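Subject: The structure, and what turned up in it

Hi,

Here is the structure I promised to pass on. Have a look at it first, and then read my notes below with the viewer open.

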Amino acid sequence: MEFSTPQELKPISINRVNEYDVKINWKNGMEVIYPARRLRMECPCAVCVDELTGVRRLQENMVAEDVHPAGIDPVGHYAIQIHFSDGHNTGIYTWEKLVDLGKKLTGNT
Amino acid sequence: MNDSQINQEQILDALRVVIDPDLHRDIVALGFVKELKVRNNRVSFHLELTTPACPVKDELREQAEDAVRKLPGIEAVEVTLSAQVRSHGPTGQNIIPGIKNVIPVGSGKGGVGKSTVSANLAVALAETGASVGLMDADVYGPSIPTILGINDQPRSGGKGMLPVEAHGVKVISAGFFVKPDQAVVWRGPMLAKMIEQFLGQVEWGELDYLVVDLPPGTGDVQLTLCQRIPLTGALIVTTPQPVAVNIAEKAIIMFNQLKCPLLGVVENMSYWESRTTGEREFIFGSGGADRIAEKWEVPVLGKIPLATTVRESSDSGTPIVLDEAGSPAAVAFVDTAKSLAAQISIRNIRAESEGLVSINF
Ligand SMILES: Nc1ncnc2c1ncn2[C@@H]1O[C@H](COP(=O)(O)OP(=O)(O)O)[C@@H](O)[C@H]1O
Ligand SMILES: [Mg+2]
Ligand SMILES: [Zn+2]
């Protein structure tokens, strides 16, 4: 996946692919499907990640199998806030973070 | 029945042929046309541009007038111009809410004319009618007070410090607070604190542009600035020597790492122009800025000639754009300021439209 210039680090649209998963179409033409539970596990907020060490506090067994985004809001021009079905909504997912995750998901770095 | 009566829709349609050459969109789509009034085939409207420093404002006005005049039955067209500088990103998230655009001016090393360029561009922008601030953040060699002839100290206002006004620009300088020989002992956290105070505790008021004269090279001031506030984009000042490219690139790489976009490059001391023959001599070689522009895909916003009068004006406290308005160097600064303003408009308009991510979830 080519995410070369900063201008391309922007989504055109963020949609539902099914009941749970999120599809993002990026400006450079790429389309990435983000599995619902994976998004929850990747939450970058201070509750889920130790701010000092960067170590992830959130463990697999702390999250319900069927957790999924219930709503998504834009944050400025640079990120989204995801409201999860378990009530968690403190994570701000920047375009950059979502691009990085997209690379992991599609096996491209 | 008055069948030749022209309506608003027809006028707007006619105006769609007028394309802003920088923004590549028509003036109707860009929302420039305001207060359109049609009465008895007499038309008047307002063109609200994205900057008073718009390099093509007269062309746009003429084209708009012509486009409407061509419609059948039109008796008179009156176009007025104004400008509303677009803001970089949502202003609510800015720790200095009244400031629409922050433009750091950087260079790889000292002595390339960064302060000279910052001061002249700020004054040139202010001359067009924009509200402009200049933050002199070069603790190692604050020279803005000298260039702008400032002898006053900032006074305290209701909530913080009031910037000093000089030549139509609101100025805060590290030089107001430190003696040059003190600067050596400044450590990272102190620098960061000063920048925070310059941002948060100065009553800048409403500004279209805040130009920031950075210390040369890369360091804590740059880091703090980039981390604390959303910057519209940086301007890089370089000299024309081919070796200058490598030095300027250090600054460019830093801005890239800090996720601060680049607005463009200004080549200073670019050439020497003979007063008698008008011939240009490239004393320091040439092509430095062009090479950077090509490699980093950023525009060259201007080339400023080497001229004794540039230094003399700065030394006397009145920058050359005012001191010798109309001289080749002054004209080069004014043109550069307009290109800069245009580049900022392009960025902000693009961000506005691209920022509209459609979310259906
Ligand atoms: N275009 C120019 N022509 C002649 N002298 C210039 C020009 N630009 C800058 N100077 C002079 O060069 C010196 C260094 O400029 P300055 O703006 O202080 O550089 P910097 O801020 O990058 O250290 C000053 O004496 C200034 O007056
Ligand atoms: Mg300087
Ligand atoms: Zn979280």
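What follows is a walk through the main findings, one site at a time.

**Before you start**

This is a predicted model, in which local features need pLDDT of at least 70 and side-chain atom pairs count only at pLDDT 80 or more, while totals for chains, interfaces and linings use all residues. Residues are numbered from 1 along each chain as its sequence is written, chains are lettered from A and ligands numbered from 1 in the order in which they are written, and side-chain values use heavy atoms, with hydrogens and water left out.

**Ligand 1 in chain B**

Ligand 1 has 14 residues around it, and G111(B), K114(B), S115(B), T116(B) and N268(B) come nearest. A residue is near a molecule or strand here if one of its heavy atoms lies within 4 Å of it. By class, that shell holds six nonpolar, six polar and two charged residues. For those classes, Ala, Val, Leu, Ile, Met, Phe, Trp, Tyr, Cys and Pro are nonpolar, Asp, Glu, Lys and Arg are charged, and the others, Gly among them, are polar.

Which helix gives the most to the shell around ligand 1? That is helix 3 of chain B, with three residues. Helix 3 (114-127) and helix 9 (308-316) of chain B each supply at least two residues. Helices (H or I, at least four residues) and strands (E, at least two) are DSSP runs, numbered from the N terminus.

Now for the polar contacts. A polar contact is a pair of N or O atoms within 3.5 Å; within protein, one must be able to donate a hydrogen and the other to accept it, and residues adjacent in sequence count only if both atoms are side-chain atoms. An oxygen atom of ligand 1 lies 2.7 Å from a backbone N or O atom of G111(B). A polar side-chain atom of S115(B) is 2.8 Å from an oxygen atom of the ligand. On the nitrogen side, a nitrogen atom of ligand 1 sits 3.0 Å from a polar backbone atom of A307(B). Taken alone, ligand 1 exposes 560 Å², and the protein buries 79% of that. These accessible areas come from the Shrake-Rupley method with a 1.4 Å probe; for residues, only the protein chains shown count as cover.

**The zinc ion in chain A**

Chain A has two helices and six strands, in the order β-β-β-α-β-β-β-α along the sequence. Of its 109 residues, 40% count as buried. Buried means under 20% relative accessible area, exposed over 50%, and partly exposed in between (1.4 Å probe, protein chains only).

Which atoms are the protein donors of the zinc ion (ligand 3)? They are C43(A) (SG), C45(A) (SG), C48(A) (SG) and H88(A) (NE2), lying 2.1 to 2.3 Å from the ion. Donors are N, O and S atoms within 2.8 Å of the metal (3.2 Å for Na, K and Ca); water is not among the atoms, so sites may look incomplete. The angles among the four donor atoms run from 101 to 117°, and the site is tetrahedral. Four donors count as tetrahedral if all angles lie between 85 and 135 degrees. Along the chain, the donors follow the spacing C-x1-C-x2-C-x39-H.

C43(A) lies in the loop between helix 1 (36-41) and strand 4 (69-75), and H88(A) in the loop between strand 5 (79-84) and strand 6 (92-94), so the pair ties together parts of chain A that are 45 residues apart in sequence. C43(A) is buried at 0% relative accessible area, and H88(A) also counts as buried, at 12%.

**Two backbone angles to check**

Most residues other than glycine have a negative phi. E35(B) has a positive phi, near 50°. E35(B) is in strand 3 (residues 33-39) of chain B and is exposed, at 56% relative accessible area. The phi of H167(B) is positive too, near 50°. H167(B) is in the loop between strand 10 (164-166) and strand 11 (169-173) of chain B and counts as partly exposed, at 29%.

**One buried side chain**

N348(B) is in helix 11 (residues 328-354) of chain B. Is N348(B) buried or exposed? At 2% relative accessibility, N348(B) is buried. A polar atom of the N348(B) side chain lies 3.0 Å from the backbone oxygen of R86(B).

Happy viewing!

Conventions
Four donors count as tetrahedral if all angles lie between 85 and 135 degrees; four count as square planar and six as octahedral if opposite donors are over 155 degrees apart and all others between 65 and 115; anything else is irregular.
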